[in-house]
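Please read this briefing alongside the sequence and the 3D view. The points are grouped by topic.

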Amino acid sequence: MKNIFSRILKVIITSFLICFFSGIVLMIANKIMGVGKIGIIWYLLLGGLCFVMLSVGLIFTGSEYIFKRKSPKKVNKNTDKKVSTRTKSIQRKNHRQKIS
């Protein structure tokens, strides 16, 4: 459960940052272009609506990643280690030396 909440929190923080900076850019662009009739409350409402919609959208699209359960790791019962053979480069070198 803690893992699910941390993933949802990550999505919420990401969507907040996206909405915050896009709202700031929109405010600056409107001030530069001379649109002065839009008050700060409209930017806050637009940012809040975008934040909620983006958070819900990201959670639903990433739901397989967020809500998946981890399967238990398989334990290898065979503890016998194979004897390591010579590497292929050494085998090829010896094979070439025999031919020539």
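Phe16 and Phe20 both sit in helix α1, 4 residues apart, which is about one turn of the helix. Helices here are DSSP runs of H or I with at least four residues, numbered from the N terminus. This is a predicted model: local features need pLDDT of at least 70, side-chain atom pairs count only at pLDDT 80 or more, and totals for chains, interfaces and linings use all residues. Residues are numbered from 1 along each chain as its sequence is written, and side-chain values use heavy atoms, with hydrogens and water left out.

**Aromatic rings**

- A search of the whole structure finds 3 aromatic pairs; rings of Phe, Tyr and Trp (its six-membered ring) pair if their centres lie within 6.5 Å, and planes under 30 degrees apart count as stacked, over 60 as edge-to-face and the rest as tilted.
- Phe16 and Phe20 make a stacked pair, with 6.0 Å centre to centre and 20 degrees between the planes.
- Phe16 is partly exposed at a relative accessible area of 45%, and Phe20 is partly exposed at 41%; buried means under 20% relative accessible area, exposed over 50%, and partly exposed in between (1.4 Å probe, protein chains only).
- Phe20 also pairs with Phe21, this time edge-to-face, at 5.3 Å centre to centre and 70 degrees between the planes.
- One aromatic cluster is formed by Phe16, Phe20, Phe21 and Phe51.

**How the two helices pack**

- Two packed helices are described by the angle between their axes and the distance between the axes.
- Helix α1 covers residues 2-33 and helix α2 covers residues 40-61; they pack at an angle of about 145 degrees, with their axes 9 Å apart.
- Axes are lines fitted to C-alpha atoms, for helices over the stretch in contact, and angles run from 0 to 180 degrees between N-to-C directions.
- The crossing of α1 and α2 is right-handed; a crossing is right-handed if the near helix is turned clockwise from the far one by less than a right angle, and left-handed if anticlockwise.
- Residues of α1 including Ile8, Phe16, Cys19, Met27 and Asn30 meet residues of α2, among them Tyr43, Cys50, Phe51 and Ile59; contact means heavy atoms within 4.5 Å.
- By class, the contact of α1 with α2 has 16 nonpolar, 4 polar and no charged residues.
- Ala, Val, Leu, Ile, Met, Phe, Trp, Tyr, Cys and Pro count as nonpolar, Asp, Glu, Lys and Arg as charged, and the others, Gly among them, as polar.

- Ile8 is buried, with a relative accessible area of 18%.
- The C-alpha atoms of Ile8 and Ser63 are separated by 9.5 Å, although the two residues are 55 apart along the chain.
- Met27 is partly exposed at 24%, and touches Ile40 and Tyr43 when neighbours within four places in sequence are set aside.
- Asn30 counts as buried at 14% relative accessibility.
- Leaving out residues up to four places away in sequence, Asn30 touches Val35, Ile38 and Tyr43.

**Cysteines**

- The structure holds 0 disulfides; a disulfide is a pair of cysteine sulfur atoms within 2.5 Å.
- Cys19 is buried, with a relative accessible area of 9%, whereas Cys50 is partly exposed at 36%.

Notes:
Helices (H or I, at least four residues) and strands (E, at least two) are DSSP runs, numbered from the N terminus.
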